[in-house]
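Hello,

Here is the structure I said I would pass on. My notes on it follow below.

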Amino acid sequence: MPALFLGSIGVLAETSRLQLDAFNAAFRKAGLDWHWSEDAYRGMLGDAGGERRIAGYAEARGETVDSVAIHARKSALFQQRLAEGVETRNGVRETLEEARGKGWKTAFVTTTSPANVTAILDATGVARGDFDLVLDGDQVAQSKPDPEGYALALSRLGIGAGDAVAVEDNPDGLAAARSAGIPCIAFPGALHDAAAFDGARAVIDRMTMDAIETG
């Protein structure tokens, strides 16, 4: 049985600017004179992991900060913003429904925190029951681009990599899917460069079942 894997919260909803606003708010609350512009943040999105971005930025500036605490504050602020509600991205809800209607397995395969997973599902109104499997960062030892999350999803669903299609909004997610042997469709977020998804089976701006099946 084929399977559709949605690989990040940014596939479900456009969160790029919400994430950026939360980072900058967290910096202010930490008393830092940091401010990431959209252009600067766009350049950081090639690598996943907000905590790593904070630590790398501090190192580049020759500063020492508690990147774990700052990222935790950023996550809390992001979740507060999500609680106001966000729309699903173009075609996501319809594609999930169509995939399940065709008998496909569906999975949400992310390495973000369980709290972020709950927040994005609540914010969009997408139910956990819309997926046969929901994975988060607490269930894996390694974050993307490591393929562990995808390998675990394949194992739990009892399918081979060739029977699955992943949809990712960021290059690290694409790399994780490909490393697991899963063909991947790129669905770039607003601040991601569509040209950065080398190796994707297709690059789309609207999710459809046709794109998933034919790429």
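The backbone nitrogen of Asp172 lies 3.2 Å from a polar atom of the Asn170 side chain. Please keep in mind that this is a predicted model. The atom on the Asn170 side is a side-chain oxygen, and the contact sits at the start of α9.

Asn170 itself belongs to the loop that runs between β4 (164-168) and α9 (171-179). Its relative accessibility is 13%, and since buried means under 20%, Asn170 counts as buried.

Within α9, the buried residues are Pro171, Asp172, Gly173, Leu174, Ala176 and Ala177. These buried residues pack against α4, α8 (148-157), β4 and β5 (184-186). After α9 comes Gly181, with a positive phi near 85 degrees.

One of those partners, α4, also packs against another helix. Helix α4 (residues 50-60) and helix α5 (residues 67-82) meet at an angle of about 130 degrees, and their axes are 9 Å apart. The two helices are therefore oblique to each other, and α4 passes α5 in a right-handed crossing. On the α4 side the contact is made by Gly50, Glu51, Ile54 and Ala55, and on the α5 side by Ser67, Val68, Ile70 and His71. By type, the residues of this contact are 4 nonpolar, 3 polar and 1 charged.

Regards

Note on methods:
Residues numbered from 1 in each chain as written. Predicted model: local features only at pLDDT ≥ 70, side-chain atom pairs only at ≥ 80, totals over all residues. Heavy atoms only, no water. Axes fitted to C-alpha atoms, helices over the stretch in contact; angles between N-to-C directions. Helix = DSSP H or I, 4+ residues; strand = E, 2+ residues; numbered from the N terminus. Parallel < 35°, antiparallel > 145°, perpendicular 65-115°, else oblique. Left-handed = near helix turned anticlockwise from the far one by under 90°. Contact = heavy atoms within 4.5 Å. Nonpolar A, V, L, I, M, F, W, Y, C, P; charged D, E, K, R; others polar. Buried < 20%, exposed > 50% of the residue type's maximum accessible area, 1.4 Å probe, protein only. Polar contact = N/O pair within 3.5 Å; in protein donor to acceptor, adjacent residues only side chain to side chain.
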